[in-house]
Amino acid sequence: PSPRERSGPAGKPGAYPAATTSAVHPPGTPPYHRADPDAPLVPADDLGLTRGDGVFDTAAFVNGRPLALDEHLQRFAHSAALLGLPRPRLDVWRAAVLAAVAAHVPAPVLSAKLVLTRGREGMRRPIGWVRVAAARDHADEHRDGITVVTLDRGYRHDVATTSPWLLQGAKTLSYAINLAMLREARHRGADDAIMVSADGWVLEGPTASVVLREGDAIVTPSTDEGILAGTTQRRVFDIAAELGLAAHYRRVRPDELLAADGVWLVSSSRGAAPVRAVDGRAVAVDRPLTDALNARLLPGV
Ligand code: PLP
């Protein structure tokens, strides 16, 4: 989809040329087109490819039903704003996502990935697409739990405020660091990682939010610590309310992971993966709450 109106990064009106979808998509046809997933789609000089300059979001569909699609769309727009990209037309993106899901072979969990790049070098015209794929089955993780290592992210917890140009909290296409963290975790014999700020606060996983249970309360690191606002973590808070548990955001120390009554990595298509060890030390696995969370996060899976 293309932006309908002339718009641009904050403070730089008109930095992007006017782009209408009507030239490409005549009236009466949807303002997007179906692309061949096996054919080249992105030019070799696309800034998303060559510089990781763009944003994405991934929404899950469980048995054909969207999970928190509005929240994913809003976060996508928020990430775009942080990068000074034109505001995506969320009605168009929503229609494209639904069409792509409807066209896909059904699967228990589908993940719809929305990508918006800054476009070709010098063209000042973003390029966006949606791709739907079957999500991996996480039943083994839900059953057996996962092991994690803590890894220093190298930034203080307040970096989003002191250095907003580091784009912490935006879901940018520059995920090479997150993937390197996963490789490092596996190199150390663990399944996944939990990032810790340079000043010693628990942040998030490379592709998931961190949630703890402490007695009757569900706790998660504050989203002002340069971490992604997780849609699944929000849903866990709603489920906590249903289950009569309190829920709050606060700063969390790594040693609190070891003392917690349960620790999970949560994300849209993964649900809640219980953590059974942190840095080689066993942590409590709350089996009943894991099952209760996944029954609600991924109903019927
Ligand atoms: N944090 C990071 C860095 C992520 O990449 C993700 C998801 O991919 C999440 C948290 C969890 O977000 P959500 O629950 O909206 O899927």
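**Fold, burial and confidence in the predicted model**

Gly280 sits in the loop that joins β11 (271-278) to β12 (281-282). Helices (H or I, at least four residues) and strands (E, at least two) are DSSP runs numbered from the N terminus. At 72% relative accessibility, Gly280 counts as exposed. Exposed means over 50% relative accessible area, buried under 20%, and partly exposed in between (1.4 Å probe, protein chains only). Gly280 lies 191 residues from Arg89 in sequence, and their C-alpha atoms are 46 Å apart in space.

The model is predicted; local features need pLDDT of at least 70, side-chain atom pairs count only at pLDDT 80 or more, and totals for chains, interfaces and linings use all residues. Residues are numbered from 1 along each chain as its sequence is written, and side-chain values use heavy atoms, with hydrogens and water left out.

The protein chain contains 9 helices and 12 strands. Its radius of gyration is 20 Å, close to the 19 Å given by the globule rule for 301 residues, so the chain is as compact as a globular protein of that length. The radius is taken over C-alpha atoms, and the rule is 2.2 Å times the number of residues to the power 0.38. The C-alpha trace spans about 60 × 45 × 35 Å along its principal axes.

Of the 301 residues, 49% count as buried.

Ser267 belongs to strand β10 (residues 262-267). Ser267 counts as buried because its relative accessibility is 15%. Leaving aside residues up to four places away in sequence, Ser267 touches Thr207, Ala208 and Thr232.

The protein chain exposes about 14400 Å², of which carbon and sulfur atoms supply 53%. Accessible areas follow the Shrake-Rupley method with a 1.4 Å probe; for residues, only the protein chains shown count as cover. The chain carries 35 positive and 34 negative charges, and their mean positions are 6 Å apart. Lys and Arg count as positive, Asp and Glu as negative; His and the chain ends are not counted. Charges are placed at NZ of Lys, CZ of Arg, CG of Asp or CD of Glu.

Mean pLDDT (the predictor's confidence in each residue, from 0 to 100) is 92 for the protein chain, and 92% of the residues score at least 70. Over residues 1-14, pLDDT stays under 50, and the model has 30 contacts beyond four places in sequence for them. Residues 17-22 also stay under 50, with 14 such contacts.

Terms used:
Contact = heavy atoms within 4.5 Å.
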